Amino acid sequence: MSPAVEKRSAEMPVMVGDIMQLLCSISQERKMQAAFKHSGKGALLTGAVAFVGGLVGGPPGLAVGGAVGGLLGAWMTSGQFKPVPQILMELPPAEQQKLFNEAMSIVRSLDWTDAVQLTTLVLGSEALKQQLLAMLVNYVTKELQAQVRYDD
């Protein structure tokens, strides 16, 4: 094994950490949050209560059912949206490695020594930032089967 390969292998955990910090910074800047499948249950509950309200009380019942169903649905799904940086840091090492591999294909040409320098380089390039955001949204929606929203 060549010395360059040995050095790169020894630094791999550090590099994964650098990439994870970069992805957290980018997603935090965009105030990205993700909701898991439980939010669909809240929407179903809202619709069901509005429907029953409409059947029982006509148009006024629909309005009341929609309001009550909306409150119940919101209560049921409260806390389901989590900041994406929190989700990323809670990922198991194998999932972090997957993200690392995808991100490295985008930032491979950059030369950095630590997470701060990497983040500065990426945030200075709108094109790199957009590529990493697209990769991250794709990962969260496909791999984690979550819905992404931005709190701007």
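**Briefing: helices, sheet and ring contacts**

Helix H4 (residues 93-107) has 15 residues and should span 21 Å at 1.5 Å a residue; its end C-alpha atoms are 20 Å apart, which agrees. The expected span is 1.5 Å times one less than the number of residues in the helix. This is a predicted model, in which local features need pLDDT of at least 70 and side-chain atom pairs count only at pLDDT 80 or more, while totals for chains, interfaces and linings use all residues. Residues are numbered from 1 along each chain as its sequence is written, and side-chain values use heavy atoms, with hydrogens and water left out.

**Overall make-up**
- The protein has six helices and three strands; helices (H or I, at least four residues) and strands (E, at least two) are DSSP runs, numbered from the N terminus.
- Along the sequence the pattern reads α-β-α-β-α-α-α-α-β.
- Of the 152 residues, 34% are buried, where buried means under 20% relative accessible area, exposed over 50%, and partly exposed in between (1.4 Å probe, protein chains only).
- Taking contacts (heavy atoms within 4.5 Å) between residues at least 6 apart in sequence, 76% join residues at least 24 apart.

**Helices H4 and H5**
- The buried residues of H4 are Glu 95, Gln 96, Leu 99, Phe 100, Ala 103, Met 104, Ile 106 and Val 107.
- Helix H5 (residues 115-123) contains Thr 119.
- Thr 119 has a relative accessible area of 12%, so Thr 119 is buried.
- Leaving aside residues up to four places away in sequence, Thr 119 touches Leu 22 and Ser 25.

**Sheet**
- Three strands form an open sheet in the order E2-E1-E3, with antiparallel pairing.
- Strand E2 (82-83) and strand E3 (147-150) are the edge strands, each pairing on one side only.
- Two bridges join strand E1 (residues 32-35) to E2 in the antiparallel sense; strands pair if DSSP finds at least two bridges between them.
- Ala 34 has Lys 82 of E2 as its bridge partner.

**Charges over rings**
- A charge sits over a ring if NZ of Lys or CZ of Arg is within 6 Å of the ring centre and within 35 degrees of the ring normal.
- Arg 30 places its charged end over the ring of Tyr 150, 4.5 Å from the ring centre.
- The charged end of Arg 149 sits over the ring of Phe 81, at 3.8 Å from the centre.
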